[in-house]
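Have the structure open as you read.

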Amino acid sequence: MEPTISVVMTVYDNARELEENLPAYLSQDYAAGYEMIVVDESSTDDTDDVLTRFKSTLSEEGPSRLYTTFLPRPNRLVSRQRMALTLGVKAAKNEWIVFSNIHNVPSPTWLKEIAEFAKGSTELIIGYVGKNGDIRLQLFNEISSAGSIIGKAERQRANGHKGKFMRHLRGKYDFMAVPTRLGHDVLRLYELPIRGSQLFRYRVQTILYNMVH
């Protein structure tokens, strides 16, 4: 049986991207059911207006699957993204969480493809989007096994990684799925202290791992 899913993403001054890409998230062909949680990181553009408009339109059509929340003031000791994602995890009501990015445009069957592998002993799924919109998934039975990939990528993450060349090999993933009960465990990997020599080792570990997976 497919799990219910909460798609969580953070946005900051992404009004245009929301206008263009959010409909693809809200129209997934997924019978098991899903919700969309968007955390606004104190945007200064029209992001809030765009989200309000989407929610209003959806409410006219029936029960809305779009939920939004707001990060008022980031703590300097914790990254803005980490705090925003933590809010998203706390708000999630379903069995699995998929962390995604508004710069990615999912296919109509995106959640179906992820759900095929969201079962058994799998604790984490990392996904990469190809040039043609096809996805490549890596499965992990233990979250810690993906520590080098997540730790390295989160230190060099820009909204919407540019280009597709060697992104999988370098571990620049586009989305990540995890059972909701383990959501906070994944976020802890974002803030692990990594020195320069450790970052180089993580880069090498990531490339070697991805060459055979």
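V98 stands opposite A177 in β7. These two belong to strands β4 (residues 96-99) and β7 (residues 175-179), which pair in the antiparallel sense over four bridges; two strands pair if DSSP finds at least two bridges between them. Helices (H or I, at least four residues) and strands (E, at least two) are DSSP runs, numbered from the N terminus.

A word on the source: this is a predicted model, where local features need pLDDT of at least 70 and side-chain atom pairs count only at pLDDT 80 or more, while totals for chains, interfaces and linings use all residues. Residues are numbered from 1 along each chain as its sequence is written, and side-chain values use heavy atoms, leaving out hydrogens and water.

Now zoom out to the sheet. It's open, with seven strands in the order β3-β2-β1-β4-β7-β5-β6 and mixed pairing. β3 (66-70) and β6 (135-140) are at the edges with a single partner strand each, so one side of each has no neighbour in the sheet. Neighbouring strands are turned by 20 degrees against each other on average, direction ignored.

Axes are lines fitted to C-alpha atoms, for helices over the stretch in contact, and angles run from 0 to 180 degrees between N-to-C directions.

| Helix | Strands touched | Angle of directions |
|---|---|---|
| α2 (residues 47-61) | β1 (5-11), β2 (34-40), β3 | about 150 degrees with β3 |
| α3 (residues 80-91) | β1, β2, β3, β4 | about 150 degrees with β2 |

What about α2 and helix α1 (residues 15-26)? Their axes come within 9 Å and cross at roughly 30 degrees. On the α1 side, A15, L18, E19, L22, P23 and L26 meet T47, V50, L51, R53, F54 and L58 in α2.

Methods. Contact = heavy atoms within 4.5 Å.
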